Each structure stands twice: as C-alpha cells, then as structure tokens.
Amino acid sequence: MRLLVHNLLMCNKCDKNNYPLKIEVNKSVIMELEFKKDAILKLIPKLDFEVLSNTVRELGFKQFPKQIPPNVEQDLAFLKDLHRVLFETHIMDGQLTCPNPSCKRNYPITNGIPNMILTEDEQ
Amino acid sequence: MKINLTKTEYKNIYVPNDDSYLFLDALKEEIQYFPQNAVVVEMGCGSGILIGNVSKLLQEQNNRALMCIGIDINYDACIASSRITQENQIYFDCINSDGFEGLALDKSGIDIFIFNPPYVPTEDEEVERCKKYFYEKQKLFAQAYANNMRGQELVEEVSKVNLIDCSYSGGKDGMLITWKILEKAIKFMNPNGIIYLFVIQENPINEIVSFFKAKGYEGFILKKQQKYNEIQFILKFVCNSVNKQ
C-alpha cells in the first residue's frame, strides 16, 4: 500500500472523526518508478496535503514540509521527495487506526494490501 | 502482461474468461479517450487483468494515470492482482474492501470507473450463501492476523474460504451488487467521467440506461458478443453534466 492510497482511506465504522487513519509501519520497501514531474504536479491538488505531510513526518521523515512550498513547479528537490513517498514507498506490513478515540479500530496492512472489511458483528 | 496464478487462486478467484477479454478489447480501444492524469478505479479487479493492462498501457503511452486502484472484496484476488505490479513493473494499488467502504474518494473523485460485476442472476439462497462465506473469510482473516500469521502463511490460511461464488452471483436480475455499486460510484464521478460496465442480456439494460440518463450520462454499446448462452455487452456511460451529482 502506498501513501497515495492512505490519503484515500477512512474508518468504515465512524461517520465523524474517521479520517485520516493513523499509520503504523512494520515493513516497507522502495520500488523505483520513473519520475514524471508533470504527473506529480497534477496529483498535488487531488490530495489532502496536510494529511500526507503529517503522516510522512510521523513516519520519520521530519524534514518533509508542512505545506506545499511556494514556486513548487521549480522545486525539483521537493517534487522528487514527494515522488518517493507517494509513488515509490510501499508499506508491506502495518496497521491503519481510526483517529476517533471512542473507536480506534485497526485495519491491517498485510502483503501490501489494506483490509478495510468489517466483521459480521461490526456491521 | 503476464498473469501468474497459483493453484489455489485458480479455484478461488475469477480466472479471466470471455467477458474479461471482451472488456479488455474495449478498454484498449478506449484508452485514447482517457483524460490525462486520470483517477482510474476498478471495482472487483479479480486477477487484475483489466486494471493491470490499463495501468500498463497508460504508463507506456506516457499518460501515466494519477492513480489506478483495484478494489476487491476477496483478499485472494487482491494478492493475485498485486502480484502483477511486482512481476511486470506496472503500478496500481489494490484495496481489500466491500465496495467503496472505507474509501474517501470525494477529494480526488473518479475519472474512469471500470466494473465487471457479479452479473449472473441467482436465487436468494445462493446470495445468502455468498454472504455467509464472505463473513467466514473475514473472521478467518481476523483470527489468523491476531495469531500473528503474516506473509505467505496468512495468504494460505485465508484462502481456505473460497469466495469464487461472490464473483458471479448477482441475485435477482443479476443486479443486486451492481445497483449498490453504481449508486455510490456516480457520487464520486468527476465531470466528463466515464463508467465502463459489463452486462448480459438477462440484466435489465433499459433500466440501467434510464438510470444513467437521469443522472446526466449518455450511454453507448461498445462491444457485443455471444458466448454459449450469454449475450454480452460492454457499455460506456459518459457524464455530460457540468455539475458533480
């Protein structure tokens, strides 16, 4: 599961305070993908950047900017970092947790796949 | 693009068949109309044949989609589909979910939606049985996970419950799952978004066309073929309305 996908996932059980899910990573791998500046630039408005930034920094990448830098189209260093975290980092094993303190439901990531399915009792 | 399935996967997931290849032909011809940097979502990706090929073609044609996502209710299918990304250097993401549950697609919206649904009309009994297996599998997954099974061991354990029936069982008219999914998909579609849908003659095609028309979509038949007793269609619905529904 890439962070690109994490940006789209929310808790199934809660109506409010269900996004974003907190990530805990046990194992991740980098799979290189050709950098395309145009693709990254077009993706930025479709993402919740604050969520992405918080997640990336929580996962250890402390220098990742909190906001999209000014003049982003020229900021190749930033774009390449963004490319690495969004497109190249695959979380193979970990957990996604609902941020709602009265829920905290865990969604496992195993073999790179997030499992968002609720059990029968949870429906 | 190679699809390698394990022996278990041949039993547990929908192995590409005539419908898959018809759909693939249609999508190959349609790729030229996909907008640049599209968000492409396939519901029920199965072996990954459609989303995998679409991702590959987009990558090759220098129109790499922003996101290609395959969703499947069957963990075994997600495993099979994601193997394609590793073996073919094609990148799309797989999510194990029941329809759109857990997916906050509001911000990105969907530009291209691909759906080869469980289209076969089946009796209530069969629908209930599918539901039962579905819950059983999820329970098995939760138990195995809690017992710290991971990697291949987890895959093998979870594959002991077979959801193959869920891949074709469509209840009355073969539309039980299809309606639920379409109603949600429509809400996420971006202006000028396209929905590709597989149907057979037994499905209420007129009703489907009317449903889309009422939402501001224009419908087309892209492909038609007869295979044994099934007359198969690939339908295309293009969102004409400027406002998102």
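Modeller: A residue counts as buried under 20% relative accessible area, as exposed over 50%, and as partly exposed in between. The model shown is predicted. N111(A), with a relative accessible area of 23%, is therefore partly exposed. This residue lies in the loop between β3 (106-110) and β4 (113-114) of chain A.

Biologist: What is the phi of N111(A)?

Modeller: Most residues other than glycine have a negative phi. The phi of N111(A), however, is positive, near 50 degrees. N71(A), also not a glycine, has a positive phi of about 60 degrees. N71(A) is found in the loop between α3 and α4 of chain A and is exposed, at 56% relative accessible area.

Biologist: Which peptide bond is cis?

Modeller: Most peptide bonds are trans. The bond from Y19(A) to P20(A) is cis, with omega near -5 degrees. P20(A) sits in the loop between α1 (3-6) and β1 (22-30) of chain A.

Biologist: How many aromatic pairs are there over all chains?

Modeller: Rings pair if their centres lie within 6.5 Å. The count over all chains is 16 aromatic pairs. One of them, F64(A) with F78(A), is tilted, at 5.9 Å centre to centre and 40 degrees between the planes. Because F64(A) lies in the loop between α3 (49-58) and α4 (76-88) and F78(A) in helix α4 of chain A, the pair ties together parts 14 residues apart in sequence.

Biologist: Are F64(A) and F78(A) buried or exposed?

Modeller: Both F64(A) and F78(A) are buried.

Key:
Residues are numbered from 1 along each chain as its sequence is written. Chains are lettered from A and ligands numbered from 1 in the order in which they are written. This is a predicted model: local features need pLDDT of at least 70, side-chain atom pairs count only at pLDDT 80 or more; totals for chains, interfaces and linings use all residues. Side-chain values use heavy atoms; hydrogens and water are left out. Rings of Phe, Tyr and Trp (its six-membered ring) pair if their centres lie within 6.5 Å; planes under 30 degrees apart count as stacked, over 60 as edge-to-face and the rest as tilted. Helices (H or I, at least four residues) and strands (E, at least two) are DSSP runs, numbered from the N terminus. Buried means under 20% relative accessible area, exposed over 50%, partly exposed in between (1.4 Å probe, protein chains only).
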